[in-house]
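Here's a quick briefing to read alongside the model. Have the sequence and the 3D view open as you go.

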Amino acid sequence: WQRPGVRGLLVLAAVLLGLLLLAQIGLRWRDALAARWPESAPVLHALCGLASCQVEPLRRVDSLAVDSSGLVKLEGHANSYEFNATLRNNDRVPVMLPAFELTLTDAQGQVVSRKVLSAAAMGASGNTLAAGGTLKLQGVLAGGERKLTGYTVEIFYP
């Protein structure tokens, strides 16, 4: 163990194992690293090319809030409704846009139907919401035979 050649090999092995550990950490936390430090994205994409993975925007539903929403019957259209929502990102990094689950109810509070709308179906042009940003979304849906009088909205990641 005292010979210079053996010590050189041990140092080389330690450096290679350290780099391998950094690559493994980078792959495990790739989405958070790319969101916090966008300049690291090309390196992370290259690592994912080798490991057959993807770098995606962060999924943080707890950072998102529905500031306002509304469900309005469209005039001239039988049983068609327009759903509007304003979504706000309270985080310091961009976050992936969620899907919306609408639970539609009648006058007695009975569930008429449940609908899931993606942000893209509601007019979103990208798949992320900027840090501290807001986004107004709008979608049209068919209500069915019973008259709708209420709704609840939940956001989630499918």
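Is Phe-83 buried or exposed? Phe-83 is buried, at a relative accessible area of 0% (buried is under 20%, exposed over 50%, partly exposed in between, with a 1.4 Å probe and protein chains only).

A word on ground rules: this is a predicted model, where local features need pLDDT of at least 70, side-chain atom pairs count only at pLDDT 80 or more, and totals for chains, interfaces and linings use all residues. Residues are numbered from 1 along each chain as its sequence is written, and side-chain values use heavy atoms, leaving out hydrogens and water.

**Overall build**

- The chain has three helices and eight strands, taken as DSSP runs (H or I of at least four residues for helices, E of at least two for strands) and numbered from the N terminus.
- Reading from the N terminus, the order is α-α-α-β-β-β-β-β-β-β-β.
- The radius of gyration is 24 Å, while a compact globule of 158 residues would sit near 15 Å (taken over C-alpha atoms; the rule is 2.2 Å times the number of residues to the power 0.38).
- Along the principal axes, the C-alpha atoms fill a box of roughly 90 × 25 × 25 Å.
- Buried residues account for 30% of the 158 in the chain.

- Three strands make up an open sheet, ordered 1-2-7 with antiparallel pairing (two strands pair if DSSP finds at least two bridges between them).
- Strand 1 (64–73) and strand 7 (134–142) are the edges; each has a single partner strand, so one side of each lacks a neighbour in the sheet.
- Strand 1 and strand 2 (residues 80–89) run antiparallel and are joined by nine bridges.
- Val-66 has Leu-87 in strand 2 as its bridge partner.

**The aromatic cluster**

- Searching the whole structure turns up two aromatic pairs (rings of Phe, Tyr and Trp, the last by its six-membered ring, with centres within 6.5 Å; planes under 30 degrees apart are stacked, over 60 edge-to-face, the rest tilted).
- Phe-83 and Phe-100 have ring centres 6.3 Å apart and planes at 65°, so this pair is edge-to-face.
- Phe-83 is in strand 2 and Phe-100 in strand 4 (residues 99–105), so the pair ties together parts 17 residues apart in sequence.
- Phe-100 is buried, with a relative accessible area of 0%.
- Phe-83 also pairs edge-to-face with Tyr-151, at 6.0 Å centre to centre and 80° between the planes.
- Tyr-151 belongs to strand 8 (residues 150–156), so its pairing with Phe-83 in strand 2 links parts 68 residues apart in sequence.
- Tyr-151 is partly exposed, at 26% relative accessibility.
- Phe-83, Phe-100 and Tyr-151 form one aromatic cluster.
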